[in-house]
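Try each task before you read its solution.

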Amino acid sequence: MRRTMIKVDSVCKAYGSNQAVDNISLRVKEGELFGIIGTNGAGKTTLLEMLMGLRQPDKGQIEVLGINPAAEASELQEHIGLHLQSISLVDKLNVREALEMFRSFYKCSTEMKEIIDRFGLESYLDRPVRRLSGGWRQRVALAISVVNNPKIIFLDEPTTGLDMQAREEYWSIILELKRQGKTIVLSCHDMGEMQHHCDRIAVLRQGNLVKCDTPKRLISQIPAGGLTMEAVYVHFAYAGAV
Ligand SMILES: Nc1ncnc2c1ncn2[C@@H]1O[C@H](COP(=O)(O)OP(=O)(O)OP(=O)(O)O)[C@@H](O)[C@H]1O
């Protein structure tokens, strides 16, 4: 039986009168590639931010690796990888400096050589991050997110804005990290990618968790008979959907 890495029980989060996350409960197991989908504003980022300890839930309990993210954020940061939506923070640094800076933040960090080899960064080390193409910037952001050899990696829409080749390359690194036993939780708007790569997917609609299952079982639950995650998305994630 695989260990439970993330427990979310009856979690709520509102911004003023806007209920961004409404009574969500879920579990993520060790080694899972767990997807979160939903329309813009469905609550994906808010949920991810609470899992990462960047936001406090109003109600409910969260445990990530047995740690309460809101109460022990700095302890949790040692064991998780965060994908930065924008890496403009390190724009002025070159790739080597950016990796070294993030390595220095952690008590335990992966050897530079291992990171460079794993992400194929050897010939990019002296380039300023701001001069990299979108695909290479995302690759550097992913490399940064695993410098502490995390057990869980959280990625918020990491392939947005990438061309097809860069997406494929990005996914091949994610799948390699999964093969190494990492647990990966990510949000993404590309249903084809989610269908092909995720073990299970949580479908959010207006802050609610409407479904959570394998892509195959989600697809089989569409009454009219769909074949793809796009159909699942239209059926379950759209506001007003059944
Ligand atoms: N910092 C904030 N202050 C106030 N409201 C916020 C804040 N962040 C998000 N919201 C609101 O909370 C709701 C959920 O937003 P959230 O960003 O979690 O959704 P999302 O599913 O990640 O959307 P997207 O796909 O557009 O990134 C939205 O109505 C959004 O406008």
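**Exercise 1.** Find which residue takes a positive phi in the hairpin of β1 and β2, and describe how these strands pair.

Solution. In this predicted model, begin with strand β1, residues 4–15, which pairs with β2 in the antiparallel sense over 8 bridges. Then move to the turn, where 2 residues lie between the strands and G16 takes a positive phi near 60°.

**Exercise 2.** Determine which element gives the most residues to the shell around the ligand.

Solution. First list the residues around the ligand, which are Y15, N18, A20, G38, N40, G41, A42, G43, K44, T45 and T46. Next assign them to elements: those that give two or more residues are β2 (18–29) and α1 (44–51). Of the elements, α1 gives the most, with 3 residues.

**Exercise 3.** Decide whether α3 and α5 are roughly parallel or roughly antiparallel to each other.

Solution. Start from the geometry: helix α3 (residues 95–104) and helix α5 (residues 134–145) pack at an angle of about 25°, with their axes 9 Å apart. Angles under 35 degrees count as roughly parallel, and α3 and α5 are therefore roughly parallel to each other. Their crossing is right-handed. The contact is made by V95, A98, L99 and F102 of α3 together with V140, A143 and I144 of α5, and by class these residues divide into 7 nonpolar, no polar and no charged.

How values were computed: Residues are numbered from 1 along each chain as its sequence is written. This is a predicted model: local features need pLDDT of at least 70, side-chain atom pairs count only at pLDDT 80 or more; totals for chains, interfaces and linings use all residues. Axes are lines fitted to C-alpha atoms, for helices over the stretch in contact, and angles run from 0 to 180 degrees between N-to-C directions. Helices (H or I, at least four residues) and strands (E, at least two) are DSSP runs, numbered from the N terminus. Angles under 35 degrees count as roughly parallel, over 145 as roughly antiparallel, 65 to 115 as roughly perpendicular and the rest as oblique. A crossing is left-handed if the near helix is turned anticlockwise from the far one by less than a right angle, and right-handed if clockwise. Two residues are in contact if their C-beta atoms, placed from the backbone, lie within 7 Å. Ala, Val, Leu, Ile, Met, Phe, Trp, Tyr, Cys and Pro count as nonpolar, Asp, Glu, Lys and Arg as charged, and the others, Gly among them, as polar. A residue is near a molecule or strand if its C-beta atom, placed from the backbone, lies within 6 Å of it. Two strands pair if DSSP finds at least two bridges between them.
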